[in-house]
Amino acid sequence: MAYSEKVIDHYENPRNVGAFDKNDPSVATGMVGAPACGDVMKLQLKVDEQGVIEDAKFKTYGCGSAIASSSLVTEWVKGKTLDEAAAIKNTEIAEELALPPVKIHCSILAEDAIKAAIADYNSKHDK
Ligand code: FES
Ligand code: FES
């Protein structure tokens, strides 16, 4: 299958790979899996006291599109509030990366990872 140039760029030079200490109260962790393929994505957000995402990291065990989708969202969420990050749609990710229809679920994984991380943040902070 042919990957778009943007997918290849993120796959070959993934941004923000790694992990934060999940016990740090300012860190939110979202871990999601794709039933379609068994791939797993972990997204972590570092959130400041104003609720702004100051940094993000990911680890993805999956296809090139899943890696590119998670790499892209780590760039997109930085500087956003949690509410703004929650509004990121998988369709925007798929469009940016020119994902073909069979790879749409990979972008859904990234959207779900953002939502899971925000839910984790809210549960840690009694929201
Ligand atoms: Fe792995 Fe789509 S096949 S996420
Ligand atoms: Fe399943 Fe990409 S995440 S194929």
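**Close-up views around helix α2**

**View 1. The end of helix α2.** In this predicted model, α2 is followed by Gly-79, which has a positive phi near 90°. Helix α2 covers residues 64-77, 14 residues in total, and reaches 20 Å from first to last C-alpha, close to the expected 20 Å at 1.5 Å a residue (1.5 Å times one less than the number of residues). Helices are DSSP runs of H or I with at least four residues, strands are runs of E with at least two, and both are numbered from the N terminus.

Residues are numbered from 1 along each chain as its sequence is written, chains are lettered from A and ligands numbered from 1 in the order written. Local features need pLDDT of at least 70 and side-chain atom pairs pLDDT 80 or more, while totals for chains, interfaces and linings use all residues.

View 2. Eleven of the 14 residues of α2 are buried, so the helix is largely enclosed by the rest of the structure (buried: 20 or more other C-beta atoms within 10 Å of the residue's own, with C-beta atoms placed from the backbone). Among them are Ile-67, Leu-72 and Val-77. The buried residues pack against α1, β2, β3, α3, α4 and α5.

**View 3. Leu-43 in the nonpolar core.** Leu-43, Leu-45, Ile-114 and Ala-117 touch the most other members of the largest nonpolar core, which has 32 residues (buried Ala, Val, Leu, Ile, Met, Phe, Trp, Tyr and Cys joined through C-beta atoms within 7 Å). Helix α5 gives the most to this core, nine residues. Beyond four places in sequence, the contacts of Leu-43 include Ser-70, Val-73 and Ile-114 (contact: backbone-placed C-beta atoms within 7 Å).

Conventions
A residue is buried if 20 or more other C-beta atoms lie within 10 Å of its own, exposed if 12 or fewer, and partly exposed in between; C-beta atoms are placed from the backbone. Two residues are in contact if their C-beta atoms, placed from the backbone, lie within 7 Å.
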